[in-house]
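Please look over the sequence and the model shown here, and then read the notes that follow on each chain in turn.

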Amino acid sequence: MIDQLGNGLLLGIIISVASVALSLLYSVTRIVNFAHGEIIALGAIMTLFFSNPVDSRVIYLDRFSPLGLDFVISAFLAVILCGVFGGLLELILFRPLRKAEVGNIAILVVTIGLSIFIRHLYLIFATGRVQNFPLELERRVTYLFFDMTPRNFRVLIAGIIVMVLIGLLLTFTRIGKAMRAVRDSGELASISGINSDNIILITWISSSMLAGLAGIFQGVINDIRYNMGFLILLLVFAGTVLGGIGTSFGAMVGGLLIGIFVQVSVAFPFMEGHIEAKNAVALGLMIVILLFRPQGIFGQKERIS
Amino acid sequence: MSNKLLEVKNLKKTFGGLKAVDVEHLSFNKNELTSVIGPNGAGKTTFFDLVSGFQQGDTGEIYFKNKKITKTQPYKISRLGLIRTFQLTKVFDRMTVLENLMFSGSSIKNDSFFQSILNTSSSKKYESDLEERAFEIMQDLNIEKMSESYARELSGGQKKLLELGRSLMKNPDLLLLDEPLAGVNPKLAEDLLEKIKNLSDQGITILMVEHNIEAVMKISERVVVLAEGKVIAEGTPQTVRSNDKVIEAYLGTAHE
């Protein structure tokens, strides 16, 4: 079981970063974004496109390849692109919908449609092949009491640092406070001199950048597929709900827990030979926890940020 | 230099076939406490929404401090010093009372990203000044015991007090109060009324929508009566009280 803890932490950090992003967007805009998974995948696919030295395997863009940029630079560019993409989604699609006072359920369905649409664009452009970043294979090393490759360990540390930074940003900066204000009441925020539209745009951009980063983590730890974001989306929702909807700190912890549940459950005796069913245990546990704590682990009393 | 703080010309707003607001001309002077009264559906709240930028009029112009603010976004109007409250009290639910006040009082300039991260001495000074001001206001409104409570835990009346406090943190030039006494017990209503009067005496221009006629007549220097979106009377409480049109449209039915 301990063997699986390292894997659990790695899956957990992916889900955690993606959950914080989802939760941030939800709490400020009230949008349940099913296209979140596609933004996750965009991060990984764009990093692959920038970094692959042989053939980016992104058709129609292959005339630009091989770009073969340094991996870290590629990842950085991909995160920026995800932010731009999220910003455009808000400007072109979600802001006009909001101004037209389209209801939350209709917007939810729009995000589902968007998700299917973008995912199949990836299928066309990036093909259905399972791909990997051009990184050397590494041997696992023992850290404290869990095993992982040094690269994955760095991903874990990077994820933790990013989340600490997000926490500080939300708690102490003007932007963070303004996000919390818009979350509580957009109208009230605007009479306090806050430009809600601007704050929502910033939220879309930062949420999408975080989602893209989670996708890159996923690509490094596992692999890259056109539907990688969709595959992990349910676990991301689970992490968000488990932590308490709309609390960033809850999403961090909830995401980590879901990742650990999923991987650790592989080691349960009754799971032998049924590893493909590992998500079931984690999601079942989530339901049980919610029965006893409906508001999620950090819901309600816990201060947001 | 004119004494007008807010001026409204030819302001019209219709919803479907219904004329919600149809005001030819209205102006409000500095330091004056004016009440807007009228039967339900007279367009009082819509008038506030138009002035504070939450709705756009079909036609007409609005001037605040001689600046045209028609079609200006609410956050910009707020930054000019025109602060409103809402009929259904709004607070930042998941912030404490103190946070509510401090957030409302902070200005963009003095709250930069780097200062808050680095915690420079100037930002510390700014924060402590803000906190001091927040405590003064809380003491004045008798809510300092609740400074650490989340705003969502407050009672309706306490939320009204917090809302007033939050507006004061912004040092407004013009304060629009939308039914500040609604749903408040008589004792608190009396206190609130006195607070509002004090604010007016301190030099804040106040424009208030209120259904409690006795209260309105007691503290207002000027009363504007709306009915079906139109101004049917305006003047001192005494003149308005004896105006036939007003009695017919409003007070008459209310006193039957």
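## Chain A: order and overall form

Followed along the sequence, chain A shows the pattern α-α-α-α-β-β-α-α-α-α-α-α-α. The radius of gyration of chain A, taken over C-alpha atoms, is 19 Å, close to the 19 Å that the globule rule (2.2 Å times the number of residues to the power 0.38) gives for 305 residues, so chain A is as compact as a globular protein of that length.

The secondary structure of chain A comes to 11 helices and two strands, where helices (H or I, at least four residues) and strands (E, at least two) are DSSP runs, numbered from the N terminus. This is a predicted model, in which local features need pLDDT of at least 70 and side-chain atom pairs count only at pLDDT 80 or more, while totals for chains, interfaces and linings use all residues. Residues are numbered from 1 along each chain as its sequence is written, and chains are lettered from A and ligands numbered from 1 in the order in which they are written.

## Chain A: extent and contacts

The C-alpha atoms of chain A fill a box of roughly 55 × 50 × 35 Å along the principal axes. Among contacts (C-beta atoms, placed from the backbone, within 7 Å) between residues at least 6 apart in the sequence of chain A, 77% join residues at least 24 apart.

## Chain B

Chain B has 10 helices and 10 strands, and its C-alpha trace spans about 65 × 40 × 40 Å along the principal axes. Its radius of gyration is 19 Å, which agrees with the value near 18 Å that a compact globule of 256 residues would have.

Notes. Two residues are in contact if their C-beta atoms, placed from the backbone, lie within 7 Å.
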